[in-house]
Amino acid sequence: MSDPHPLMTLQRWMQSVITNPRGISAGIDNAAARQWIDVASDDVEQVIGRSQKRTSIERLQVYGNAYFARLVECMREQFPALCETLGQELFDGFALDYLDKRPSTSYTLSRLADRFVPHLETTRPAAESAAPGWADFLIDLASFEWSVAQTFDAPGTEQSGVITPDDLAQVSPDDWPQTRLIAAPCLRLHAYRFPVNAYFSDFRAGRPLSIPPAAATWLALSRREYIVRRIPLDESEFLLLQSLLAGQSVGAAIEAAAEQSADFDAFARNLPHWFQRFAGEGFFTKLVKP
Amino acid sequence: MTAARLGHQNLGLGVGLRSVHFGHILQHWPAVDWFEIISENYIDTQGRPRYVLDQIAERYPLVMHGVSLSIGSTDPLDFEYLAKLKRLAGEIDARWISDHLCWTGVAGRNSHDLLPIPYNEESLAHVVARIKTVQEFLERPLVLEDPSSYVTFAASTMTEWEFLSAMANEADCGLLLDVNNVYVSGVNHDFDPAEYVRGVPHERIVQFHLAGHTNMGDYCIDTHDAAVIDPVWRLYQLAHELTGGASTLLEWDANIPPFDVMHAEVLKARGHITAQGGESPEPITTKSADAPAPHPLHFVTPEIE
């Protein structure tokens, strides 16, 4: 019986062949391709013509090589510090495994790596102890680099403007506890198991790299004048911002963060400075008074 | 009777907008006739690429050139993607929207490559129907580019230029004739590129592409990483004579040189279309086992303080 959809069949066959990580001949002979067109690699001229100088397999190989080479190159550009840390050969292995297991389903390359961090988490080796290990560092670093890219393309405050420290100073003490602060849409908060931000600074500066000891760190990623900014936070600042971003009023956010603070006096002493700093960094776009 | 270039203006000599040149353009506002953007690099970002684009749109004509339409795929059209194309085209006053006669993936996947289709009646009917749907949605004619390709199909029953002609006439769409692609495919598939250029409907050619490629000895790869070579300039000259001229754009996507070098390369077209000739480099020939990747991808790297 003739195939009612030969173009669809041909496309599914060709995609299966050129994306097979074991190469074109293996791809043609694989059951995944033969379910669409049952031709052996020796007989592939029945599907793909040869040229005067090149065989059908050699011609298909251009697409097979390109598929992985082009996408792995994009992954290297997306995760430059991770690539430097692993070395290109090992990084390429991680990327190839990711592309094979979770191929792109988006029209845009900016989403090519959107499942890379979950993929690393799923495929990581079992932890040897309760303490964070090198695999956790690599996952933290990948997560950081992915977040940088998201912040770069996110909606920003360049056109809308931000709340300034002076704006905060004009809120009356009576209104302050019930006031809500609306966060900049590009602001993202991150808690890491390793000092990946400092590590990334070393990478950017070309300093020698070595995986640092585990140490909990907190970071805000935001953007100003279209450039991604990295703002290190301490834990209390992180907790306070986390509550504010969740929509809590200033009073409720302070209360929630204070409850988790180990040093309440220091927390109270630093509060005014923190709010001035947050506003100075352009973390908020709007004040909503009670 | 179809108007020349489907009625579109000849914009002159332009270059592809690449993020490595943002700073130069914003600082110098070079005397370029027009820019072409890679649509996918701008339809989602709300960061610096879009900010730069909006400023450029105020000063230069812009054309949107996509790589993800996948007009030849048997997967359903992506209307979310099309809606984004349409919105951006309106916002930057894009003169036209182009993509490639190809498919990029099937079964929900995207290879991010420009894959060829067999040239036969089934493919023709399929592509024509999809072009009509896209044009109706975008409310403007689509302009489709001939792909560079590395395989041919036993199922093909017509030449690529016969397919393009039938497609453009039946779907009433425009063509973007990439003369470098014609040359590359001519080498790869043993046809005469001049016959190809003579065989397409000239009144439907809205735009030309020029680029460099890599000669691998027994085939060519469309690498967009070098200057245009003489045989490609001669094809361009022929195409110019047959069409009466159309907007011409240089693509350079790997080993991208400083902006002025890239601009100077496309300006050589003036010498070629006035038959004065121009200086051209020797073809890049390599026999390396590590073949370069065709059609380099356009990934915009984030800028970090």
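Me: How do α8(A) and α10(A) lie to each other, roughly parallel or roughly perpendicular?
Reply: α8(A) and α10(A) are roughly perpendicular to each other. Under 35 degrees counts as roughly parallel, over 145 as roughly antiparallel, 65 to 115 as roughly perpendicular and the rest as oblique. This is a predicted model, in which local features need pLDDT of at least 70 and side-chain atom pairs need 80 or more, while totals for chains, interfaces and linings use all residues. Residues are numbered from 1 along each chain as written, and chains are lettered from A and ligands numbered from 1 in the order written.

Me: What's the angle there, and how far apart are the axes?
Reply: α8(A) and helix α10 (residues 196-205) of chain A pack at about 75°, and their axes are 10 Å apart. Axes are lines fitted to C-alpha atoms, for helices over the stretch in contact, and angles run from 0 to 180 degrees between N-to-C directions. Helices (H or I, at least four residues) and strands (E, at least two) are DSSP runs numbered from the N terminus.

Me: Which residues make that contact?
Reply: A:D140, A:L141 and A:F144 come from α8(A), and A:V196, A:N197, A:Y199 and A:F200 from α10(A). Residues are in contact if their C-beta atoms, placed from the backbone, lie within 7 Å. Five of these residues are nonpolar, one is polar and one is charged. Nonpolar covers Ala, Val, Leu, Ile, Met, Phe, Trp, Tyr, Cys and Pro, charged covers Asp, Glu, Lys and Arg, and the others, Gly among them, are polar.

Me: And α7(A) with α8(A), how do those two lie?
Reply: Helix α7 (residues 116-123) and helix α8 (residues 134-153) of chain A cross at roughly 170°, and their axes come within 9 Å. α7(A) and α8(A) are therefore roughly antiparallel to each other. α7(A) brings A:F116, A:V117, A:L120 and A:E121, and α8(A) brings A:L138, A:I139, A:A142, A:S143 and A:W146. That contact has seven nonpolar residues, one polar and one charged.

Me: What does UniProt place on chain A?
Reply: The UniProt entry, which is unreviewed, places "domain: Putative DNA-binding" at residues 10-120 of chain A. UniProt positions follow the numbering used here, feature names are shortened, and annotations may be inferred rather than shown by experiment. Residues 10-120 of chain A are 61% helix and 2% strand, with the end C-alpha atoms 33 Å apart.

Me: What sheet does chain A have with β3, β4 and β5?
Reply: Those three strands form an open sheet in the order β3-β4-β5 (chain A), paired antiparallel. Strands pair if DSSP finds at least two bridges between them. β3 (188-192) and β5 (227-233) of chain A are the edge strands, each pairing on one side only. Neighbouring strands are turned by 25° against each other on average, ignoring direction.

Me: How many bridges join β4(A) to β5(A)?
Reply: Seven bridges join β4 (residues 217-224) of chain A to β5(A). In that pair, A:S222 has A:R229 as its bridge partner.

Me: Which helix packs on that sheet?
Reply: Helix α11 (residues 235-245) of chain A packs there, touching β3, β4 and β5 of chain A. Its direction makes about 140° with that of β3(A).

Me: Switching to chain B. How many strands are in its barrel?
Reply: The barrel is closed and has eight strands, running β1-β2-β3-β4-β5-β7-β8-β11 (chain B) with parallel pairing. The twist averages 30° from one strand to the next. Strand β1 (residues 13-16) of chain B is joined to β2 (residues 35-38) of chain B by two bridges. The partner of B:G16 in β2(B) is B:E36.

Me: How do α6(B) and α8(B) pack?
Reply: α6(B) and helix α8 (residues 230-243) of chain B pack at about 120°, with axes 9 Å apart. α6(B) and α8(B) are therefore oblique to each other. B:V179, B:N180, B:V182 and B:Y183 in α6(B) meet B:P231, B:V232, B:L235, B:Y236 and B:A239 in α8(B). By class that is eight nonpolar, one polar and no charged residues.

Me: Where do the chains meet, and how many residues does each give?
Reply: Chain B gives 50 residues to the contact and chain A gives 52 residues. On chain B, α2 (48-57), α4 (121-138), β6 (152-153) and α6 (179-189) each supply at least two residues. α4(B) gives the most, with three residues. The chain B side has 22 nonpolar, 17 polar and eleven charged residues.

Technical notes. Two residues are in contact if their C-beta atoms, placed from the backbone, lie within 7 Å.
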